[in-house]
Amino acid sequence: MRLNDLDERIVHALAEDARRSYADIGQLVGLSAPAVKRRVDRLRATGAITGFTVRVDPAALGWETEGFIEIYCRRNTSPESIKRGLERYPEIASASTVTGDADAIVQVFAADMRHFERVLERIAGEPFVERTKSVLVLSPLMRRFSSGSPA
């Protein structure tokens with residue numbers, strides 16, 4: 001489902017602050033609070049909005065180290081096999097199949113360097129993994145949690 005401009009503006013406002021009131025969003029987009037609620041309900045029903053959540057600074061939870069691990073898989077490894085193999089790692093924030101030489105890339109948060117190294121070793125030991133390549137984040141420069149124009 002492709003969102004129209006008004007729905008995109010509503011989604012953007014919710015992505016900035018999911019606790020924002022329908023009245024506040026209505027003022028931003030030029031609708032009444034009930035009209036915004038009806039649109040949000042429709043967006044949820046159609047699956048355009050999949051849920052509401054809270055964003056927490058990983059450091060507040062003790063995750064001081066961030067890195068990315070490229071995974072190079074053995075021949076004929078399906079994306080579902082990769083997903084099943086990675087689901088049990090609470091340190092993995094996201095995992096995606098990718099183009100290029102690697103088959104997948106995962107974003108990892110760890111308590112410290114040693115913790116990151118242990119996670120890397122465990123992932124490298126998965127039966128579907130041929131090899132890995134990792135990079136550590138020095139300073140996150142920008143994180144976006146929504147898309148679309150705020151205007």
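# A briefing on this predicted model

Val54, Val56 and Leu61 together make a nonpolar surface patch of about 310 Å². A patch gathers residues with over 30% relative accessible area and no salt bridge, joining nonpolar side chains (Val, Leu, Ile, Met, Phe, Trp, Tyr) within 5 Å and like charges within 9 Å. Accessible areas come from the Shrake-Rupley method with a 1.4 Å probe, and for residues only the protein chains shown count as cover. The model is predicted, so to speak of local features pLDDT of at least 70 is needed, side-chain atom pairs count only at pLDDT 80 or more, and totals for chains, interfaces and linings use all residues. Residues are numbered from 1 along each chain as its sequence is written, and side-chain values use heavy atoms, with hydrogens and water left out.

**Overall layout**

- The protein chain is divided into domain 1 (5–46) and domain 2 (58–137); these bounds come from an automatic or database domain assignment.
- The C-alpha centres of the two domains, domain 1 and domain 2, are 36 Å apart.
- An unreviewed UniProt entry lists residues 3–64 as "domain: HTH asnC-type". UniProt positions are given in the numbering used here, feature names are shortened, and annotations may be inferred rather than shown by experiment.
- Over residues 3–64, the chain is 53% helix and 0% strand, and the end C-alpha atoms lie 37 Å apart.
- Helices (H or I, at least four residues) and strands (E, at least two) are DSSP runs, numbered from the N terminus.

- Where is valine 56, one of the patch residues? Valine 56 sits in the loop between helix 3 (33–45) and strand 1 (65–73).
- Valine 56 counts as partly exposed because its relative accessibility is 45%. For these labels, buried means under 20% relative accessible area, exposed means over 50%, and partly exposed is in between (1.4 Å probe, protein chains only).
- Lysine 37 has its place in helix 3, and at 38% relative accessibility lysine 37 is partly exposed.
- The side chains of lysine 37 and aspartate 41 are joined by a polar contact of 2.6 Å. A polar contact is a pair of N or O atoms within 3.5 Å; within protein, one must be able to donate a hydrogen and the other to accept it, and residues adjacent in sequence count only if both atoms are side-chain atoms.
- Lysine 37 and glycine 67 are 30 residues apart along the chain, and their C-alpha atoms are separated by 39 Å.

**Salt bridges**

- Side chains of opposite charge can pair when their charged atoms come close. A salt bridge is a side-chain nitrogen of Lys or Arg within 4 Å of a carboxyl oxygen of Asp or Glu.
- How many salt bridges are there by this rule? The count comes to eleven.
- Arginine 2 forms a salt bridge with glutamate 8, with the closest N and O atoms 3.2 Å apart; arginine 2 is exposed, at 71% relative accessibility.
- Aspartate 7 and arginine 39 form a salt bridge whose closest N and O atoms are 2.7 Å apart. Aspartate 7 lies in helix 1 (residues 5–16) and arginine 39 in helix 3, so this pair ties together parts that are 32 residues apart in sequence.
- Aspartate 7 is buried, with a relative accessible area of 2%, whereas arginine 39 is partly exposed at 21% relative accessibility.
- Asp7 and Arg39 also belong with Arg42 to a network of salt bridges.
- Glutamate 80 forms a salt bridge with arginine 84, the closest N and O atoms being 3.9 Å apart. These two residues, glutamate 80 and arginine 84, are four residues apart in helix 4 (residues 79–86), which means about one helical turn separates them.

- Is glutamate 66 buried or exposed? Glutamate 66, found in strand 1, counts as buried because its relative accessibility is 7%.
- The side chain of glutamate 66 makes polar contacts with the side chain of glutamine 107 (2.7 Å) and with the side chain of arginine 143 (2.4 Å).

**A backbone angle to look for**

- Most residues other than glycine have a negative phi.
- Asparagine 76 is not a glycine, yet asparagine 76 has a positive phi of about 65°.
- Asparagine 76 lies in the loop between strand 1 and helix 4 and is exposed, at 76% relative accessibility.
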